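Please look over the sequence and the structure shown here. The report below goes through a few of the features that can be computed from the atoms.

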Amino acid sequence: MAHPSQLGFQDAASPIMEELLHFHDHTLMIVFLISTLVLYIIVAMVTTKLTNKYILDSQEIEIVWTILPAIILIMIALPSLRILYLMDEINDPHITIKALGHQWYWSYEYTDYENLEFDSYMIQTEDLGPGQFRLLETDHRMVVPMESPIRVLVTAEDVLHAWTIPALGVKMDAVPGRLNQAAFIISRPGVYYGQCSEICGANHSFMPIVVEAVPLEHFENWSSLMLEEV
Amino acid sequence: MVPSPILLQSSDILAPTVFTINLLMMSFNLLGILDVQNTPCARDSVLYGSAGALVAGVGHFLATSRVKRSFDFGVGSFLLTTLGTWMFCRYQNAKLRIQHRMVQEGMKNKVMYEGTKMDPTKKADRSSRDNQIDNPGSTARER
């Protein structure tokens, strides 16, 4: 999960996020090398004693600084497109969950087998227990089975929202009157936090998302208990 | 409220989070952006690049005694060596990750299918038994 003064991404909990992390490292190395080159050129320009006011053109250097950026862009674009198409692959989800954005909470519906619906409100700061995270905890978590393809249908009941879990590499806009599909597989059990990512009013910062990935048996127990409670 | 059924409560996340913070506070960002300690292959690439830059720069200077041009060579060779080492290391890393995933999948399948018809180890035994049935005289001849 996120920690104070964090600069990079959270640890990946899904295969897509792992790919995104690797692509980010690859692109960042290219950016670092370009930055080094630019920094060196700046220093060289500032410290040179050579000045020629009458250079008009130079075919060689213009060819170099046209071809080289094109090659760099191709080196970045190819892995990027690969991940883009990987994210859009047709998959066969084991479970479909609907996530509905409201002002200012999320509600989840598990309607594949029974009609399980519940709301997920942020736990207020004064009600937090020891070890709980401020502005991130909710009263009901979205519990899902781990290592299973999951489809989340995201929509909203009033204004625009966005359902996000950084550790899973998922971000999907919640648009009223529209169903957006997000698919992911959670590789390991754990609790994954996210926050609403589309400005939606006064309490936009106070409607977090918590996904808990558990083994299938525990998921079945949880859904039975939730059905009894509801 | 239904208690969370599992494994992890928030307090269980606290200790690893503190550990992660301690680990990442030891990170070192080159030019403020590239975390060489926590990015796979980054440290090796930068070190090889630096070594290559030193060799090329010093070598050129010793050969030509031109300072600025030697610096240019050094920086150029840093860029090329770093990029080349990075690409090679990432390629090897990617192959390793694929193998890791295949091994994980294989281990999971073995555990799941052990003792059933689909047990992959049973298939190997079955095919060797089928070979003996197809060549019934072979065992007798061997004797």
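The sections below cover a pocket, a surface patch and the salt bridges of this predicted model.

## The second largest pocket

The second largest pocket has a volume of about 1200 Å³. Its lining consists of 31 residues, and those closest to the centre are A:Leu37, A:Tyr40, A:Ile41, B:Val75 and B:Leu79. Two or more lining residues come from each of these elements: helix 1 (15-47) and helix 2 (59-87) of chain A, and helix 3 (67-113) of chain B.

By class, 24 of the lining residues are nonpolar, three are polar and four are charged.

## A nonpolar surface patch

A:Ile34, A:Leu37, A:Val38, A:Ile41, A:Ile42, A:Met45 and A:Val46 make a nonpolar surface patch of about 620 Å². A:Ile41 lies in helix 1 of chain A. This residue counts as partly exposed because its relative accessibility is 40%, between the limits of 20% and 50%.

## Salt bridges

Side chains of opposite charge can pair when their charged atoms come close. Over all chains, the count is eleven salt bridges.

A:Arg82 pairs with A:Glu19, with 3.0 Å between the closest N and O atoms. A:Arg82 is in helix 2 of chain A and A:Glu19 is in helix 1 of chain A, 63 residues apart. A:Arg82 is partly exposed at 46% relative accessible area, whereas A:Glu19 is buried at 7%.

Another salt bridge joins A:Glu137 and A:Arg141, at 3.5 Å between the closest N and O atoms; both residues are buried. Salt bridges with shared partners join A:Glu18, A:Glu19, A:Arg82, B:Arg97 and B:Arg101 into one network.

Terms used:
Residues are numbered from 1 along each chain as its sequence is written. Chains are lettered from A and ligands numbered from 1 in the order in which they are written. This is a predicted model: local features need pLDDT of at least 70, side-chain atom pairs count only at pLDDT 80 or more; totals for chains, interfaces and linings use all residues. Side-chain values use heavy atoms; hydrogens and water are left out. On a 1 Å grid over the protein atoms alone, a cavity is a set of points where a 1.4 Å probe fits but cannot get out, and a pocket is an open set with protein on both sides within 12 Å along at least five of seven lines; lining residues have an atom within 4 Å of a point. Grid points are joined across faces, edges and corners, and a volume is the space filled by probe spheres set on the points. Helices (H or I, at least four residues) and strands (E, at least two) are DSSP runs, numbered from the N terminus. Ala, Val, Leu, Ile, Met, Phe, Trp, Tyr, Cys and Pro count as nonpolar, Asp, Glu, Lys and Arg as charged, and the others, Gly among them, as polar. Patches are made of residues with over 30% relative accessible area and no salt bridge: like charges are joined within 9 Å, nonpolar side chains (Val, Leu, Ile, Met, Phe, Trp, Tyr) within 5 Å. Accessible areas come from the Shrake-Rupley method with a 1.4 Å probe; for residues, only the protein chains shown count as cover. A salt bridge is a side-chain nitrogen of Lys or Arg within 4 Å of a carboxyl oxygen of Asp or Glu. Buried means under 20% relative accessible area, exposed over 50%, partly exposed in between (1.4 Å probe, protein chains only).
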